[in-house]
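Thanks for asking me to look this over with you. Here are my notes, point by point, with the structure shown first so that you can follow along.

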Amino acid sequence: MAVLFLSTAARAQVFREAFAHALPDVAFHVGEAPDPLRVQWIVTWNAPDDLATRYPNLRLIFSIGAGVDQFDLGLIPAHVGVVRMLEPGIGAQMGEYATLATLAMHRDLPRYLARQQVAEWAPGENLPASRRRVGVMGLGQLGTLVIDRLRPFGFDLAGYSRSTRVIDGVSCFTDLAPFLARTDILICLLPLTMQTRGILDAALFAKLPRGARLVHLGRGAQLVAADLIAALDQGQLSAAMLDVTDPEPLPADHPLWRHPSVILTPHIASQTSAAEGAAHVIAGVSADLAGRPVAGLIDRRRGY
């Protein structure tokens, strides 16, 4: 039995040492396995194209980072479990970034950064947080955590999800249109599915109040970049802060890099700690060996 690790050399070293200590009887291979038939667990961001034929005895595939929507579940055999990364630092970092981005949108940071580039001293008018309506799309673990991080600032908070949710002090919606109509700062934390691919488009932006702002922390493929740029240029949106794009890295000549109303970061809202990630995978392999439930195992029918 063996683990195949497909990620960076630095992370591989941390995982290798952790496995040698915790599961010395499990072979640990990086990049490729001498005997693919022995591979029962794979740790990766992207699933190998020949997964089904090359590794017939595979039991679990572990995501090395947050989320599993980068996997094409249709190409992963039904008997292979897909495990999301459960690492406490991911949520903490996402809460930090969402707070940073929301405050940046609330206090008009893109406009002031653009004015700085042309040495223009042009104070705007500050709006109390109690008059700023923040809406979180996606009320999973990260979405509810972000709401909790934003509570102390006094924002008018709301959340959207497909299933009914009840969160104290938060207006929860299952209908997207009224949620958007009351949202001044939209935070996208949706998983990438067939239903959410391209959801951040001109039609959605038109349903927001004029001058609304966008914080995109979901997946790059959810955003129609041309529609965002048009909405910004037309004044329907006034600013955006993006941590994800499609593709990644964003090409150097892409207009989002230089748009004066956009703050762009290179997918760094949360990063998995190698040590914590290794501990999570080791716990999953150990549970699988013992016939216990594996933490983070997704519902293949729902895709998350």
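1. A word on pairing before we start: two strands pair if DSSP finds at least two bridges between them. Strands (E, at least two residues) and helices (H or I, at least four) are DSSP runs, numbered from the N terminus. As background, strands of a sheet pair through backbone hydrogen bonds, either parallel or antiparallel. With that in hand, strand β3 (residues 39–44) and strand β4 (residues 60–63) run parallel and are joined by four bridges.

2. Where the values come from. This is a predicted model, in which local features need pLDDT of at least 70 and side-chain atom pairs count only at pLDDT 80 or more, while totals for chains, interfaces and linings use all residues. Residues are numbered from 1 along each chain as its sequence is written, and side-chain values use heavy atoms, with hydrogens and water left out.

3. The five-stranded sheet. Please look for the order β2-β1-β3-β4-β5, an open sheet of five strands with parallel pairing. The edges are taken by β2 (27–30) and β5 (81–83); each has a single partner strand, so one side of each is left without a neighbour in the sheet. From one strand to the next, the twist averages 20°. (Angles here run from 0 to 180 degrees between N-to-C directions, and axes are lines fitted to C-alpha atoms, for helices over the stretch in contact.)

4. Inside the sheet, around β3. Five bridges pair β1 with β3 in the parallel sense, and V3 stands opposite W41 in β3. On the β4 side, W41 stands opposite L60, and V43 stands opposite F62. How much of β3 is covered? Five of its six residues are buried, so described because buried means under 20% relative accessible area (exposed is over 50%, partly exposed in between; 1.4 Å probe, protein chains only).

5. Helix α1 (residues 9–22) and helix α9 (residues 274–290) have axes that come within 9 Å and cross at roughly 45°. The two are therefore oblique to each other; on this scale, angles under 35 degrees count as roughly parallel, over 145 as roughly antiparallel, 65 to 115 as roughly perpendicular and the rest as oblique. Their crossing is right-handed, a term used if the near helix is turned clockwise from the far one by less than a right angle, with anticlockwise giving left-handed.

6. What lies between α1 and α9. Contact means heavy atoms within 4.5 Å. On the α1 side the residues are R11, V14, F15, A18, F19 and A22, and they meet A274, A275, G277, A278, V281, I282 and V285 in α9. By class, this contact has 11 nonpolar, one polar and one charged residues. For that count, Ala, Val, Leu, Ile, Met, Phe, Trp, Tyr, Cys and Pro are nonpolar, Asp, Glu, Lys and Arg are charged, and the others, Gly among them, are polar.

7. V281 deserves a click. Is V281 buried or exposed? At 1% relative accessibility, this residue of helix α9 counts as buried. Leaving aside neighbours within four places in sequence, V281 is in contact with F15, F19, V43, F62 and M85. The C-alpha atoms of V281 and A295 are separated by 9.3 Å, with the two residues 14 apart along the chain.

8. Five bridges join β6 to strand β7 (residues 156–160), and the two run parallel. V136 has G159 in β7 as its bridge partner. β6 is mostly covered, with four of its five residues buried.

9. Peptide bonds to check. Which bonds are cis? One joins D246 and P247, with omega about 5°; another runs from E248 to P249, with omega near -5°. P247 sits in the loop between β11 (237–242) and β12 (262–264), and P249 lies in the loop between β11 and β12 as well.

10. Positive phi outside glycine. A119, in the loop between α4 (109–117) and β6 (133–137), has a positive phi of about 55° although it is not a glycine. At 72% relative accessibility, A119 counts as exposed. H267, in the loop between β12 and α9, also has a positive phi, near 55°. At 28% relative accessibility, H267 counts as partly exposed.
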